[in-house]
Amino acid sequence: MTPKRTVLLCILVFLLAAPAAAGSVARTITPQEGGLDITLTMTGIPVGGIVETLPDGCTWMETDHPVDRTRVSGGKVAFAVIGEETINYRARGPQDAAEAFTGTWEDLLTGESGTVGSGGVREPGSGVTPKEAPGFLPAAALAALAVAYRWRCGR
């Protein structure tokens with residue numbers, strides 16, 4: 001196989017594997033004296049939105065997210081995501097309310113949407129559920145064919 005074909009094959013493998021980057025949002029809640037610290041960690045969502053619903057008995061306190069991209073209305077908080085990887089906010093309420101936080105997210109570039117984390121008190125990283133990479137199988141099959149061709153033809 002010539003170097004040009006090898007480079008072309010590598011480019012094809014990367015292009016076919018690109019759909020594997022699916023978006024997700026994980027929630028980590030840390031009980032603190034006087035409230036709850038909530039961290040939302042976005043993966044693969046360059047432009048999108050997140051709507052969090054505060055449980056009964058919890059009230060909004062503050063966030064480190066820009067004010068012009070945060071909206072609070074009643075028990076709902078909406079965040080516009082433009083290139084952020086994390087959003088931190090605080091809510092006042094009982095520690096057992098951490099189990100009742102809910103939220104949804106949407107990636108405006110891909111149209112994907114989903115549920116934020118799984119709720120509850122989580123250690124960092126524990127709320128992330130691994131997903132199967134949807135574009136990996138065709139890329140692996142193509143790479144296997146290329147290796148078989150090189151082995152069989154000896155070029």
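Leaving aside its neighbours within four places in sequence, which residues is Val25 in contact with? In this predicted model, the list runs to Leu40, Thr41, Met42, Ile45, Ile50, Trp105, Thr115, Val116 and Gly117. Val25 also turns up in the largest nonpolar core, a set of 21 residues. Along with Ile38, Leu40, Ile50 and Phe101, Val25 belongs to the group with the most contacts inside that core. Two or more core residues come from each of strand 1, strand 2, strand 6 and strand 7, and strand 2 gives the largest share, with four residues.

Four of them make up an open sheet, in the order 1-2-7-4, with antiparallel pairing. Strand 1 (24-32) and strand 4 (59-63) sit at the edges, each pairing on one side only. From one strand to the next, the twist averages 25°. Inside this sheet, strand 2 (residues 35-43) and strand 7 (residues 86-92) run antiparallel and are joined by six bridges. Asp37, for instance, stands opposite Arg90 in strand 7.

Strand 6 (residues 76-82) has pairings of its own. Seven bridges link it to strand 3 (residues 47-53), again antiparallel, and here Gly48 has Val81 as its bridge partner. Strands 5 and 6 form a hairpin with two residues between them, and Gly74 in the turn has a positive phi of about 60°.

What lies on the covered face of strand 6, and what on the uncovered one? Val77, Phe79 and Val81 are on the covered face, while Lys76, Ala78, Ala80 and Ile82 are on the uncovered one. In a regular strand, side chains alternate between the two faces of the sheet.

Phe79 leads on to the aromatic rings. The whole structure holds three aromatic pairs. In one of them, Trp60 and Phe79 are tilted, at 6.3 Å centre to centre and 50° between the planes. Trp60 lies in strand 4 and Phe79 in strand 6, so this pair ties together parts 19 residues apart in sequence. Trp60 is partly exposed, with a relative accessible area of 24%, whereas Phe79 is buried at 2%. Phe79 also forms a tilted pair with Tyr89, at 5.5 Å and 40°. Since Tyr89 lies in strand 7, that pair ties together parts ten residues apart in sequence. Tyr89 counts as buried, at 2% relative accessibility.

Conventions: Residues numbered from 1 in each chain as written. Predicted model: local features only at pLDDT ≥ 70, side-chain atom pairs only at ≥ 80, totals over all residues. Heavy atoms only, no water. Pairing = 2+ DSSP bridges. Axes fitted to C-alpha atoms, helices over the stretch in contact; angles between N-to-C directions. Buried < 20%, exposed > 50% of the residue type's maximum accessible area, 1.4 Å probe, protein only. Core = buried A, V, L, I, M, F, W, Y, C linked by side-chain atoms within 4.5 Å. Contact = heavy atoms within 4.5 Å. Phe/Tyr/Trp six-rings, centres within 6.5 Å; stacked < 30°, edge-to-face > 60°.
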